[in-house]
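Keep the sequence and the view at hand while reading.

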Amino acid sequence: MNKNKEQLLNKRYKAEQRFRLYGLSAIFMALLFLTIFIFKIFSTGYSAFQKTWLIVPVTFDAELMMLDQNPSKQDLQDADYYDIALKSMADLDPNANEDQENELKRMVSYFFEKEIKNELLNDPNLIGKTKEVYLTASDDLDQVFKGNYPRDLPEDQRRVSDYQLKIFDQLVANGKVESKFNISFFTNADSREAELAGIASSFMGSIFSILVCLMIAFPVAVLAAIYLEEFAPKNRFTDFIEVNINNLAAVPSIVFGLLGLGVLLAIFQLPRSTPLVGGITLSLMTLPTIIIAARASLKAVPPSIREAALAMGASRMQTTMHHTVPLSMPGTLSGTIIGLAQALGETAPLILIGMVAFVNTIPGSPMDPAASLPVQIYIWAESAERGFVEKVSACIMVLLGFLIIMNLFAQIIRHKFEKKWS
Amino acid sequence: MNLILFTFIVLLGFTSYYFGRKKAYTIQSTKKRLTALPQFYGYYLAIWCAIPAFIIFSLWAIFEPTIVKLLILSDYSNQGYLDDELNLLYEKSKALSRGQFTGEITPFIEASAEKYLSLRSVAQSSKVVIVLSAIIASVAYAYKRISSNSRTREPVEKFLNAVLFTASLAAILTTVGIVFSLIFQTIDFFKVIPLFDFVFGTHWYPAKAFVRDSSEALDPTMYSDTFGAVPIFAGTFFIAFIAMCVAIPIGLMSGIYLAEYASTKVRQYAKPLIEILAGIPTVVYGFFAALTVGPFLKELGTSMGLEVSAESALAAGGVMGIMIIPFISSLSDDVITSVPQSLRDGSYAMGATKSETIKRVIFPAALPGIVGSILLGVSRAIGETMIVVMASGLAANLTLNPLESTSTITAQIVVILIGDQAFGDPKTQAAFALGMSLFLVTLCLNIVALRVVKKYREKYE
């Protein structure tokens, strides 16, 4: 009898331990996913912050450039750089036949002509001289240099030919290949060529969308929250508004995209693909988030504050505007920032309103077509070129960096400025 | 131009505020009692400045384009042009006047572009005159009216209250906007495709509808067997099911552990770390699923002799599950912590272990809240877009094999609407019909879930 009891107790204790272990392993799993995730993004993305350059001697032959003696600045602008650019690449291998010369040309980016031009524009005295110029390597060679490219594939399955690899290895051996910090990733707009593609246009697109979103969503949401929390009578209509807000907060984001497409683009005829439309769509999405946060922080202001103000003869509007709302601002602001961070990461609605178009210019206003950071991630992730994989990860790192900063900012506002009532 | 006018009106508003307050001070200096603080007199005037400006601006924005168009087209209306042609010509001349026109410039377009420009400038200047005179008249009228015993606080506060009330309508307007944008396209869609075919058809090939000429597009027989949404609904629920298989056990167990077992220190760090998972943009999850999980599962499957598609439902659903973990864990954590301590104490007093208390007492007590949180998670899984678009297939297969690729409502909407759309095309309308069904399904889930959670909260508060 006694023994039986002890066995039972043991069994129950074991079950207890098992249950505890399940819980612990669940948390462990969740954190493991997070770690794998972050590790994966960083390990594929960090290399995009480096860019490979080929150092190629270029002879600035005035005759090939069709330049006269003592050319003016304008002449230098208009000169023909294609021939000297081509020649300097072909000179890498003096024995190259025509096909091989073509392959040599494809070792650098399409931009090489312009890079050579800029070199001369910076220093016009170079005419007739030879100088080693840094040329952006093609994205495949860039990947080869970073060790991301499987060199052991059969030649017909690679985009880099054996010949190009041979010349490239010679250049590496001579120290004519260099890796430098990739500034153009931050200053260039999108491009079909992975080695030239940058995030500047999508970054500006994101900034403009978020600004439009903030300018619409914040005032409307705060005013709505003040009304619902401080003035609204408790009746069916305000209940209906409340149900609406809670429901909107859980409506899938793509439905807001359909709203933007069906109402903003089709009926109001706003310009497609612009951060203006994107921002308005996002603001409708962020509205419920901010309203809920603002209401919570208004609710947290103790009634004694209101009573004191009313007792001093303030009207209800004065009480609200002079006392309750300022005291609730820290909570509202941090809720707003969190809502904006969500909006910043949103992709699907922006795709539907056309912000997925290929944009190779940097937008100067919310009325110019643009992409946004998450959409840029989508565009690059869908493209087949190997060079874009690391760009996607790098773009994700930039985006995550922004989200982290925004969330930290929200935390700081909350902890530093929010009054603790006890 | 509008910006300058707007700035000017704002300046006028400040000036009227200043004059209103000054008048109040003057009244005060004659030893008469004011009925409100001086600034209310200022606000009162500023509102009288803002209201006419707002009304005229909005009327202008609504009517100006139509009137200008009518004036321009009235010259040509009896020359035998069709309405569509006239519209096109009007759009072209508008583009030309903005300098954005690239096509061939005919004398007609040039003339109407010139007329457009002149009409616009007339409209602009008359707008300036009308707005400014209306503002000055209304402010002057209000200025005359205020005296020591006129009420200014009440109207100002009533106005503010009205503004607050209007802002609170934004949520309703958004819902109306959503329904409005979906419903017309959906009705048009069901005029061409019978509802029965949509709900019970098993073939979904919207691309078939796309190649047709728009002039033939109204023949419904062409679309039979093109817009059968069963594979898509099935795929949506299937992927959501896979996601919940990952999210429920992990989310629920970590919620229970955080609420009942974890020390404050562990809770303090683990909870925000898990919530990071909810803050990661979905497009990032999609990339992760497509780049890492998909190929990994494919390799794993090949090594076990299974054929796994690189874009399997399992990869998309699994990653989606990871995304949903924090929703379930933090909601069930909240729900469990709000179960009253007395229930726990009672159970311990009867000699139950902690896990027995959780399983037999707390879990049943918290069940409605937990179900609510799971329903919210399901609604999120059904509405999730980017993971599916990037990691699962785009072809709608009717399958229950998690290793094959399937498609979902959201993915189909994106596939159809990416790039240029022609409204009026059944393919575009199909996307809106899908959006409508998505909205309705998630609406029901949300309302039920929110009601359950609310009922539960009321029970213990």
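## The sheet in chain A

Two strands count as paired if DSSP finds at least two bridges between them. The model shown here is predicted. In chain A, three strands form an open sheet in the order E2-E1-E3, and the pairing is antiparallel. The edges of this sheet are strand E2 (130–136) and strand E3 (177–181) of chain A; each has a single partner strand, so one side of each has no neighbour in the sheet. Direction ignored, neighbouring strands of the sheet are turned by 40° against each other on average.

Strands of a sheet pair through backbone hydrogen bonds, either parallel or antiparallel. E1(A) and E2(A) are joined by seven bridges in the antiparallel sense. In this pairing A:Trp53 stands opposite A:Thr136 of E2(A). Strand E1 (residues 50–59) of chain A also runs antiparallel to E3(A), with five bridges between them. Here A:Gln50 faces A:Phe181 of E3(A), and A:Leu54 stands opposite A:Val177 of E3(A).

## A helix on the sheet

Which helix packs on the sheet? Helix H5 (residues 112–122) of chain A does so, touching E1 and E2 of chain A. The direction of helix H5 of chain A makes about 135° with that of E2(A).

## Chain A as a whole

Chain A contains 17 helices and three strands. Its C-alpha atoms fill a box of roughly 90 × 75 × 40 Å, taken along the principal axes. The radius of gyration of chain A is 30 Å, whereas a compact globule of 422 residues would have one near 22 Å. Of the 422 residues in chain A, 45% are buried. Among contacts in chain A with a separation of 6 or more, 76% are between residues 24 or more positions apart.

The domain assignment divides out two parts of chain A: domain 1 (47–182) and domain 2 (200–417). Taken over C-alpha atoms, the centres of domain 1 of chain A and domain 2 of chain A are separated by 46 Å. In the contact between them, nine residues come from domain 1 of chain A and seven residues from domain 2 of chain A. On the side of domain 1 of chain A that touches domain 2 of chain A, three residues are nonpolar, three polar and three charged.

## The surroundings of A:Cys213

A:Cys213 is located in helix H9 (residues 200–231) of chain A. Is A:Cys213 buried or exposed? It counts as buried because it has 26 C-beta neighbours inside 10 Å, and 20 or more are needed for that class.

Which residues are in contact with A:Cys213, leaving aside its neighbours within four places in sequence? They are A:Gly279, A:Leu282, A:Ser283, A:Thr286, A:Leu340 and A:Ala343. A:Met285 is 72 residues from A:Cys213 along the chain, and the C-alpha atoms of these two residues are separated by 9.2 Å.

## Chain B as a whole

Chain B has 17 helices and zero strands. Along the principal axes, the C-alpha atoms of chain B fill a box of roughly 85 × 75 × 35 Å. Chain B has a radius of gyration of 32 Å, while a compact globule of 461 residues would have one near 23 Å. Buried residues account for 41% of the 461 residues in chain B. Of the contacts in chain B with a separation of 6 or more, 75% are between residues 24 or more positions apart.

Chain B is also assigned two domains: domain 1 (2–146) and domain 2 (230–460). The C-alpha centres of domain 1 of chain B and domain 2 of chain B are 51 Å apart.

## Where the two chains meet

How many residues of chain B are in contact with chain A? There are 68 of them, and they are in contact with 65 residues of chain A. Helix H6 (residues 170–192) of chain B supplies the largest share of the side of chain B that touches chain A, namely 11 residues. By class, that side of chain B has 45 nonpolar, 20 polar and three charged residues.

Key
Residues numbered from 1 in each chain as written. Chains lettered and ligands numbered in written order. Predicted model: local features only at pLDDT ≥ 70, side-chain atom pairs only at ≥ 80, totals over all residues. Domains from an automatic or database assignment. Contact = placed C-beta atoms within 7 Å. Nonpolar A, V, L, I, M, F, W, Y, C, P; charged D, E, K, R; others polar. Helix = DSSP H or I, 4+ residues; strand = E, 2+ residues; numbered from the N terminus. Rg over C-alpha atoms; globule rule 2.2 N^0.38 Å. Buried ≥ 20, exposed ≤ 12 C-beta atoms within 10 Å, placed from the backbone. Axes fitted to C-alpha atoms, helices over the stretch in contact; angles between N-to-C directions.
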